[in-house]
Amino acid sequence: MKKVLIALAILLLAAEVAAGDPVVETVSYSPAPAIPGQHFNMFIHLKNSSTQYDSEDVTFDIDLSGGNERDSDYPFYLGTGTDTAKTISIIKPGKTALLEYRVNVDPSALDGQYTIVFTTKESGAEKRYTQTISIESRNPDVEVVRAGQVQVAPGQVAEIALTIRNIGNSIARDILVGLEEDRSVSAAGVVTEREYSPLGAGFEFVESLEADKEVTVTLVLAVNPEAEQKTYTIPVTVRFKDLNSVEYTSTSYIGVQVTQEPELDAVVSEIS
């Protein structure tokens, strides 16, 4: 009986010694940093560092909660029906297996550093690794950067060319550029008609604008025949959305000089 136990112990020891040695060699993800509301692809190179023995039936698992770092997987999640665990049947000595995960980032995720934990297991031997994922928001920011010069007199119509630029770091969609209501109401309820008003729809539409790109739109402005000859400050509103359909608004001001001689100069005077 003693000899049988010794033989079994030797066999178990031999099996343990004969096992491979799977280790996480490199981890990368793209895009980096990850972006709220989008996904990133994560690539894990799992290498059998043994020079003699195969790694067989290796289990690889991913813990999106970072182990004990967070109470849940938030802000990460995998697609519906996607398992966190993968099994590699065999990795030859010195060879590498490539694992890939598509990880979604919650749209409400805050900028920062988040930990993900990997676990490898073969023949009962378990190893644990950590990987830091950076999240950084990318938002569009569309502003009026230039206003063209036109000529107009009281009672005339002017076309003002406005150049808008996306000075943010993400694409802007469904952009509207135009003038708000052409009258104002005081706290006392007094309605004041402005000396100018937009013609047509009042807003120009631009489907999308990539980061660091610009486009020119034209607004048509009618000046009241009784308009006083002076410089008017006209607010131009720009509304747009990001890739997650979050809405943004910016307001720029152009200075308009109305003169009896048909001359109107428009320049960007302020951006808020």
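The model is predicted, so local features are reported only at pLDDT of at least 70 and side-chain atom pairs only at pLDDT 80 or more, whereas totals for chains, interfaces and linings use all residues. Residues are numbered from 1 along each chain as its sequence is written, and side-chain values use heavy atoms, with hydrogens and water left out.

Of the contacts between residues at least 6 apart in sequence, 69% join residues at least 24 apart, a contact being defined by heavy atoms within 4.5 Å.

The protein has 272 residues, of which 35% are buried. A residue is termed buried under 20% relative accessible area, exposed over 50%, and partly exposed in between (1.4 Å probe, protein chains only). The accessible surface amounts to about 15200 Å², and carbon and sulfur atoms account for 49% of that area. These areas come from the Shrake-Rupley method with a 1.4 Å probe; for residues, only the protein chains shown count as cover.

Against this background, the charged side chains may be considered. The structure contains nine salt bridges, each requiring a side-chain nitrogen of Lys or Arg within 4 Å of a carboxyl oxygen of Asp or Glu. One of them joins K121 to E126, with an N to O distance of 3.4 Å. Within this pair, K121 is partly exposed at 40% relative accessibility, while E126 is exposed at 51%.

A second salt bridge pairs R146 with E214 at 2.6 Å, N to O. Because R146 belongs to strand β9 (residues 142-147) and E214 to strand β16 (residues 214-223), the pair ties together parts that are 68 residues apart in sequence. Both partners are partly exposed: R146 has a relative accessible area of 43%, and E214 one of 34%.

The salt bridge between D174 and K241 has its closest N and O atoms 3.9 Å apart. This pair, too, links distant parts of the chain, with D174 in strand β11 (residues 172-178) and K241 in strand β17 (residues 231-241), 67 residues apart. D174 is partly exposed with a relative accessible area of 28%, and K241 is likewise partly exposed, at 24%. Elsewhere, salt bridges that share partners connect R146, R165, D212 and E214 into one network.

Definitions and conventions: Helices (H or I, at least four residues) and strands (E, at least two) are DSSP runs, numbered from the N terminus.
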